[in-house]
Amino acid sequence: MSCWVFVLCLVLGLDDIRVVQPHSPTNDIDPTVIYLTQYAMDSVASKFPYLVWKKLREGQEVRQVAQLDWRIIEDDYDKPFVASGLKFVPLPVMHGEDYICLCFLFGEKSKVAYISDVPRFPSNTEYVISKSGSGQLDLLIMDCLYKKGSHNVHLCLPQSM
């Protein structure tokens, strides 16, 4: 059994997970586990209903689609979750003006923060990844869309630095 874990921020491209799953004409494969908030789940269900609602209508043919196991998590850094034996701390960030996206802090001996799809941080998230919050980070993986300039929903090199 393969154990793949994807932590979901945004949903476009989600259907392409099927290309990294084993081929099965009947979709009889182990699903990929997806961790996401209820808000993101509602968005996925409206954009990709065939990934969420698996029941075929009478006469409908089986087509190869990503097989996914949805796991709802909180968007609160005080509510970490465990995936594949690793503790993840959700880090809410702003993606644009009004969309909250999740990034993650993980690792026990070495602390890693993965921060993508972000133009700015709420103060609570900034505190959690600071030295006085979770302690010194060993690795920061951060969004950087362009070498120069700025963007409304991503950091660019000048802002990332």
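Mentor: Let's start with confidence: pLDDT is the predictor's confidence in each residue, from 0 to 100. This is a predicted model, in which local features need pLDDT of at least 70, side-chain atom pairs count only at pLDDT 80 or more, and totals for chains, interfaces and linings use all residues. Residues are numbered from 1 along each chain as its sequence is written, and side-chain values use heavy atoms, with hydrogens and water left out. Here the chain has a mean pLDDT of 81, with 87% of its residues at 70 or more.

Trainee: Where in the chain is confidence lowest, and where is it highest?

Mentor: The lowest mean, 47, belongs to strand β1 (residues 5-7), and the highest, 93, to strand β4 (residues 81-83). Over residues 1-10 the pLDDT is below 50. Contact means heavy atoms within 4.5 Å, and beyond near neighbours in sequence this stretch has 33 contacts in the model.

Trainee: How do I read the elements, and how many helices and strands does the chain have?

Mentor: Helices (H or I, at least four residues) and strands (E, at least two) are DSSP runs, numbered from the N terminus. This chain has four helices and eight strands, in the order β-β-α-α-β-β-β-β-β-α-β-α from the N terminus on. As for contacts with a separation of 6 or more, 56% of them in the chain are between residues 24 or more positions apart.

Trainee: Now burial, please. What share of the residues counts as buried?

Mentor: Buried means under 20% relative accessible area, exposed over 50%, and partly exposed in between (1.4 Å probe, protein chains only). Of the 161 residues of the chain, 40% are buried. Take Val-33, in strand β2: its relative accessibility is 12%, so Val-33 counts as buried. Val-33 and Ala-83 are 50 residues apart in sequence, with their C-alpha atoms 8.9 Å apart in space.

Trainee: How is a nonpolar core defined, and which residues have the most contacts inside the largest one?

Mentor: A nonpolar core is a set of buried Ala, Val, Leu, Ile, Met, Phe, Trp, Tyr and Cys residues joined through side-chain atoms within 4.5 Å. In the largest core, which has 15 residues, those with the most contacts are Leu-14, Ile-34, Leu-36, Leu-51, Leu-68 and Trp-70. Two or more residues each come from β2, α1, α2 and β3, and α1 gives the largest share, four residues. Another core, of 14 residues, lies apart from it and includes Leu-91, Ile-115, Val-118 and Leu-155.

Trainee: Which elements do the buried residues of α1 pack against?

Mentor: They pack against β2 (32-36), α2 (49-52) and β3 (68-72). The buried residues of α1 themselves are Ala-40, Met-41, Ser-43, Val-44 and Ala-45.

Trainee: And strand pairing: how many bridges join β5 to β6?

Mentor: Two strands pair if DSSP finds at least two bridges between them. Strand β5 (residues 86-95) runs antiparallel to β6, with eight bridges joining them. Phe-88 stands opposite Phe-106 in β6. The two strands form a hairpin with three residues between them, and Gly-96 in the turn has a positive phi of about 85 degrees.

On to the next partner: β6 is also antiparallel to strand β7 (residues 112-115), through three bridges, and Leu-105 stands opposite Ala-113 in β7. That hairpin has five residues between the strands, and Gly-107 takes a positive phi near 105 degrees. As for cover, six of the eight residues of β6 are buried.

Trainee: How do I read aromatic pairs, and how many does the whole structure have?

Mentor: A pair of aromatic rings is described by the distance of the centres and the angle of the planes. Rings of Phe, Tyr and Trp (its six-membered ring) pair if their centres lie within 6.5 Å; planes under 30 degrees apart count as stacked, over 60 as edge-to-face and the rest as tilted. The search finds seven pairs. One of them, Tyr-39 with Tyr-99, is tilted, at 5.5 Å centre to centre and 55 degrees between the planes. This pair links distant parts of the chain, 60 residues apart: Tyr-39 in helix α1 (residues 38-47) and Tyr-99 in strand β6 (residues 99-106).

Trainee: Is Tyr-39 buried or exposed? And why does Phe-81 with Phe-88 count as stacked?

Mentor: Tyr-39 is exposed, at 54% relative accessible area, whereas Tyr-99 is buried, at 17%. The rings of Phe-81 and Phe-88 are stacked because their planes are at 15 degrees, with centres 5.5 Å apart. Phe-81 is buried at 9%, and Phe-88 is buried at 11%.
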